Amino acid sequence: MMEPTEYPRREPYTFDRVVRILFTICTIVALVFLLDSLKGVLLPFLIACLIAYMLEPVVRWNMRLLRTASRFVPVALTLLEVAAVMTVFCIIFIPYLVAETAEMGRMIRHYATTQTQIPYISGAIHDFLRDNIDFDGISRLLTREEWIALIKKTLTSSWGFVSSGLAMVLGLLSWLIVILYVIFIMLDYERIMLGFRQLVPARHRRRTFKVASDIKNAMNRYFRGQFVIASIVGVLFAIGFLIIGLPMGVVLGLFIGLLNMVPYLQLISLPVTAVLCIVCTASTGVDFWVIFWESMAVYIVVQCIQDLFLTPRIMGKAMGLNPAIILLSLSIWGSLLGFMGLIVALPLTTLLISYYNTYVVERYSRHQITPSDI
């Protein structure tokens with residue numbers, strides 16, 4: 001016979017408890033406003049923390065490779081490796097981007113000025129695209145002449161030159177600050193983590209470290225695991241689009257990889273892919289349905305590779321946040337704190353979920369019915 005379940009007694013809402021709750025809410029609101037006021041100062045530091053956190057596995061790998069306990073040489077080697085990879089990427093990608101951009105401008109201009117007939121696609125769709133998308137403006141923007149004219153216009157205006165020069169100097173200074181932050185944080189990463197642990201009072205360490213462990217696991221799954229998956233997926237899409245000859249295929253593939261930081265968000269790129277297929281058909285005469293279904297095949301193959309091989313091997317069986325929760329979190333914190341909110345969105349959301357699981361769900365789960373109670 002099943003005995004009635006005893007739930008924990010709720011504390012009465014005394015005046016003291018209500019004051020503590022109101023004080024906590026006011027503190028959270030004040031903290032959000034403080035972060036919004038200081039986001040210009042905190043943004044370089046948070047970006048540096050994120051970069052250092054993502055490069056920490058590389059630093060540890062270099063430490064094992066060099067068999068040293070000192071972090072100075074592994075950190076320097078990691079920065080050199082990152083700089084080398086970025087240099088090679090720019091050398092390969094930038095010439096392709098310049099040539100492909102000019103070719104894409106020509107194709108868009110051709111599509112905007114010619115009538116295109118595609119089987120099973122109504123001409124009203126082409127009229128809708130031409131009426132709602134400024135293809136002529138886009139084609140002008142993609143030409144080399146437009147960029148050269150923009151540079152000449154900037155150089156011929158003294159005040160514009162000064163303001164752009166100041167903006168460039170400030171931008172370089174901001175990135176220099178970020179680089180310095182990254183170096184300092186990477187050199188003292190272990191000491192900083194140990195310092196954060198020692199700041200927690202001894203009696204609160206068990207629960208605090210459990211919450212911190214939940215946040216760390218979620219960060220590993222999202223920022224490290226999902227970043228690796230998104231990078232590989234972007235490269236696979238770029239290779240697939242390059243093989244089938246889709247215009248701006250490499251750029252579109254890397255953009256899809258960026259969207260994949262939020263799982264399944266890459267599906268919103270399907271309309272862009274369809275428009276590129278239409279432009280390619282109008283300019284080169286290739287059959288629309290052939291290149292369209294080839295593009296869909298690339299989506300299907302890459303998605304299968306991601307779901308069957310990449311995600312199980314990189315992320316393991318651990319469950320991350322629901323994609324809807326990730327998107328909602330990015331939207332809310334991004335609207336509150338701008339770009340800085342996008343950086344802190346996942347850690348803060350994970351903190352709230354972990355706090356709820358630790359202090360609310362587990363408190364009641366200890367009093368739930370078990371098979372031995374029946």
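This tour moves through a predicted model, from the whole chain to selected residues.

**The whole chain**

Begin with the entire protein chain in a cartoon view. Its secondary structure comes to 14 helices and zero strands, so that reading along the sequence gives the pattern α-α-α-α-α-α-α-α-α-α-α-α-α-α. The chain has 374 residues, of which 30% count as buried. Consider next the contacts between residues at least 6 apart in sequence: 70% of them join residues at least 24 apart.

**The largest nonpolar core**

Select Met186, Tyr222, Phe223, Ile326, Leu330 and Leu346. These are the residues with the most contacts inside the largest nonpolar core, which has 30 residues. Now colour the helices that contribute to this core. At least two of its residues come from each of helix H2 (39-66), helix H7 (158-187), helix H9 (205-244), helix H13 (323-337) and helix H14 (339-365). H2 supplies the largest share of this core, with seven residues.

Which residues is Leu330 in contact with, once its neighbours within four places in sequence are left aside? They are Tyr222, Val262, Leu342, Ala345 and Leu346.

Turn now to the second largest pocket, whose volume is about 2,200 Å³. To find it, select Met54, Met86, Phe227, Ser231 and Leu258, which are the closest to its centre of the 48 residues that line it. Then bring the surrounding helices into view. H2, helix H3 (72-113), H7, H9, helix H10 (249-259) and H14 each provide two or more residues of this lining. The largest share of the lining, twelve residues, belongs to H9. Colouring the lining by residue class gives 44 nonpolar, three polar and one charged residues.

The structure holds nine aromatic pairs. A pair of aromatic rings is described by the distance of the centres and the angle of the planes.

Select Phe288 and Trp289 and show their side chains. The two rings form an edge-to-face pair, 5.0 Å centre to centre with 75° between the planes. Phe288 is buried, with a relative accessible area of 6%, whereas Trp289 is partly exposed, at 26%.

How is its ring arranged against that of Phe288? The centres of the Phe288 and Phe292 rings lie 5.5 Å apart and the planes are at 20°, so this pair is stacked. Phe288 and Phe292 are four residues apart in helix H12 (residues 288-315), which means that about one helical turn separates them. Phe292 has a relative accessibility of 15% and therefore counts as buried.

Finally, include Trp293, and the group is complete: ring pairs link Phe288, Trp289, Phe292 and Trp293 into a cluster.

Not counting residues up to four places away in sequence, Gln303 touches Tyr264 and Gln266.

**Two loop residues with positive phi**

The last stop concerns two residues placed in loops. Select Arg67, located in the loop between H2 and H3. Arg67 has a positive phi of about 55° although it is not a glycine. Then move to Met248, located in the loop between H9 and H10. Met248, also not a glycine, has a positive phi of about 55°.

Key
Residues numbered from 1 in each chain as written. Predicted model: local features only at pLDDT ≥ 70, side-chain atom pairs only at ≥ 80, totals over all residues. Heavy atoms only, no water. Core = buried A, V, L, I, M, F, W, Y, C linked by side-chain atoms within 4.5 Å. Buried < 20%, exposed > 50% of the residue type's maximum accessible area, 1.4 Å probe, protein only. Contact = heavy atoms within 4.5 Å. Phe/Tyr/Trp six-rings, centres within 6.5 Å; stacked < 30°, edge-to-face > 60°. 1 Å grid on protein atoms, 1.4 Å probe; cavity = no way out; pocket = protein on both sides within 12 Å on 5 of 7 lines; lining within 4 Å. Points joined across faces, edges and corners; volume = space filled by probe spheres on them. Nonpolar A, V, L, I, M, F, W, Y, C, P; charged D, E, K, R; others polar.
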